[in-house]
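Hi everyone, thanks for making time this morning. I'd like to walk you through one structure, so let me put it up on the screen.

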Amino acid sequence: ILAALLFAATVMLHAAVPAQGLRPPLLLTGAQGRAGADLSGQWTYSRDLYRTGLTDINGWVAKSRMQRYRDVDVAAEEARGGTTFFEFDMERGPRMAIPGAWNAATPTLRYYDGLVWFQRKFDAQPDGGRAFLRFEAVNYRAYVYLNGKEIGRHEGGFTPFVLEVTDVLRAGENWLTVGVDSTHDAQSIPTQITDWDLYGGITRPVRLVRTPATFIDDAALALTGDGRITGEVRLNGPVAAGQRVTVRIGALACATATTDAAGRAVIDIKAPPGLERWSPEHPKLYDVRFAAAGDTIADRIGFRTIAVRGNQILLNGQSIFLRGISLHEEEFGPNPARNITPQAARALLHEIKHGLHANYVRLSHYPHSEVTVRLADEMGLLVWSEIPVYWTVDWENPAVLKKALAMQAETIYRDRNRASVVLWSVGNETPVSPARTAFHAAMADNVRKLDPTRLISAALLVERQGGVTAIRDPLIDKLDVLAVNTYAGWYGDDTLDALPGLTWQVPADRPLILSEFGADALAGHHGMHKFGEEYQAEYYRKTLAMAERIPTLRGMSPWILKDFQSPRREHPVFQNGWNRKGLMSETGVRKEAFGVLAEYYQGRAANRA
Ligand code: GCB
């Protein structure tokens with residue numbers, strides 16, 4: 001117990017200042033509030049299944065005739081009567097709304113998995129400052145060209161990246177061309193096989209962002225367990241030691257600091273006495289302004305502490321139970337495009353918070369849109385955040401570990417000002433092996449360095465012998481909160497009546513959450529058999545009865561709020577491309593099990609247990 005207490009204290013007491021070295025080169029944390037342009041809207045596109053726009057067959061096929069990113073107006077060249085041969089014309093290509101996955105845009109791209117070129121023109125004028133493109137997410141690889149010049153590449157479908165275009169941007173019309181390759185392989189994260197849809201494309205907004213020569217690239221604040229507010233402000237551009245940095249937290253406090261020679265200032269003040277703590281019941285956010293070198297960025301930040309003590313999870317020092325649900329990034333509707341607008345995110349989170357009486361959401365299995373995480377802050381929902389180290393990746397490969405660490409860093413730097421985010425997960429259902437455990441351990445160490453203020457977890461596999469379920473996973477030594485996915489009563493032959501009698505052998509000194517349990521039901525299909533609404537509802541009753549008997553249980557996020565698309569799910573009557581474990585159909589029709597969970601959570605909320 002003493003060891004557990006010391007461990008808990010370590011989690012809380014570290015300052016929020018992360019280690020150097022793992023940081024993405026540019027973050028532009030305050031991009032939303034800066035001058036520039038939102039490049040959402042209609043983009044033209046061109047399919048390129050054989051990647052001809054990127055490859056040169058030993059100079060034999062002149063690369064140029066296929067290169068969609070060339071700075072050339074093909075129609076004008078044709079009109080001039082030239083002899084140059086082009087096999088593309090982005091100008092006259094079909095159009096698609098960006099952001100949004102191509103799979104939902106047109107039936108011919110429904111199952112397309114490969115390279116697509118996108119183009120969009122925009123006007124710009126030089127303003128003496130710097131210019132950047134910030135992509136919130138491109139799934140899975142992006143090749144970015146501006147005015148015919150390659151300006152950068154990115155791998156990873158769910159995290160933001162920033163490319164500087166100051167020297168390439170021209171006065172007047174600019175041509176932005178992006179090659180998006182959705183193909184996954186054995187070295188990608190995730191690999192080719194998952195249980196969700198392909199969703200290729202520019203799935204989140206793209207912005208042109210203008211800044212002064214020296215600007216605040218990133219600024220973060222967090223409340224620590226010992227009653228301090230700590231963080232950092234980083235300048236990018238010509239910097240000098242001793243530049244003054246000011247941080248205002250609403251009308252409550254104003255802190256100052258000075259930069260070091262690298263343009264970084266550390267903030268560390270005693271939390272002001274009147275500081276209201278953020279919680280799901282009271283999601284208080286402060287308007288925070290960071291100013292330095294003539295530049296200002298604003299954010300809305302909540303302050304709370306999160307820690308573990310023994311087998312309890314403490315929010316602001318109080319033990320809590322996480323009444324949650326899992327969520328994929330899919331809006332309501334028969335044909336999701338993974339286009340999460342504020343309205344779409346609000347509708348989903350509203351069902352969770354007010355329909356289910358939940359205080360927590362597992363944003364699975366990858367970093368969700370910034371819109372969703374910000375709304376969780378505003379509406380009051382605790383968040384589990386994860387990157388898609390899912391089922392199995394190439395554990396032995398150092399290049400793959402590097403990708404995972406980079407993805408994790410991009411996520412943490414994006415969301416570390418979000419009070420809602422309390423858990424970083426380092427994996428989902430990864431079969432135990434020495435290489436896999438070493439991989440996850442390196443991830444956990446990385447997370448601990450980057451963000452010592454939050455808790456670390458992973459959704460683990462359990463072992464079952466007869467009626468006894470146990471966790472036998474050496475990774476638990478690296479985790480603050482244990483989490484397991486369990487499907488007894490759905491996969492396999494257990495009867496529902498057997499569930500409450502199953503027993504759990506889990507460490508007594510750690511909090512446990514059920515990161516998943518669930519059963520498919522087709523909305524409107526009735527009966528006490530698999531895929532029937534009544535069966536799913538009874539499965540929930542019996543699983544909840546089983547859960548009640550786990551003494552260290554501190555929360556759950558059953559699988560899942562709504563039905564979601566998955567090419568893996570091809571039962572011809574009940575699935576047809578949809579995983580049906582939703583408590584709601586894809587269009588938002590509640591199944592019977594929704595009421596079972598809502599009632600259970602209402603009871604827990606009323607007992608404040
Ligand atoms: C799981 C996975 C999740 C699947 C779910 C299922 O354990 O983590 O991604 O969708 O089971 O429906 O089987």
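**A buried aspartate, a helix and a ligand site**

Let's begin in a loop: Asp 480 sits between strands β27 (468–470) and β28 (482–485). Before I go on, please keep in mind that this is a predicted model.

Is Asp 480 buried or exposed? Its relative accessibility is 0%, and because buried means under 20%, Asp 480 counts as buried. What does its side chain contact? One partner is the side chain of Arg 448, in a polar contact at 2.9 Å.

Now for another charged residue, Arg 234, which you can find in strand β12, residues 228–236. Arg 234 has a relative accessible area of 12%, so it is buried as well. Its side chain makes a polar contact with the side chain of Glu 232, at 3.3 Å.

Next, please look at helix α7, which runs over residues 533–548. From first C-alpha to last, its 16 residues reach 23 Å, close to the 22 Å expected at 1.5 Å a residue. How much of α7 is buried? Twelve of the 16 residues are, so the helix is largely enclosed by the rest of the structure. The buried ones include Tyr 535, Tyr 539 and Tyr 540, and also Glu 533, Glu 538 and Lys 542.

In soluble globular proteins, nonpolar side chains tend to be buried together. Here the largest nonpolar core has 86 residues, and Leu 356 and Met 556 have the most contacts inside it. A second, separate core has 31 residues, among them Ala 131, Phe 135, Phe 161 and Val 178.

I've kept the ligand for last.

Let me point out some distances to oxygen atoms of the ligand. A polar side-chain atom of Tyr 390 lies 2.6 Å from one, and for Asn 428 the distance is 2.9 Å. In Tyr 487, a side-chain N or O atom is 3.2 Å from a ligand oxygen. As for cover, the ligand on its own has 320 Å² of accessible area, and the protein covers 97% of that.

That's my tour, and I'm happy to go back to any part of it.

Key. Residues are numbered from 1 along each chain as its sequence is written. This is a predicted model: local features need pLDDT of at least 70, side-chain atom pairs count only at pLDDT 80 or more; totals for chains, interfaces and linings use all residues. Side-chain values use heavy atoms; hydrogens and water are left out. A polar contact is a pair of N or O atoms within 3.5 Å; within protein, one must be able to donate a hydrogen and the other to accept it, and residues adjacent in sequence count only if both atoms are side-chain atoms. Accessible areas come from the Shrake-Rupley method with a 1.4 Å probe; for residues, only the protein chains shown count as cover. Helices (H or I, at least four residues) and strands (E, at least two) are DSSP runs, numbered from the N terminus. Buried means under 20% relative accessible area, exposed over 50%, partly exposed in between (1.4 Å probe, protein chains only). A nonpolar core is a set of buried Ala, Val, Leu, Ile, Met, Phe, Trp, Tyr and Cys residues joined through side-chain atoms within 4.5 Å. The expected span of a helix is 1.5 Å times one less than its number of residues.
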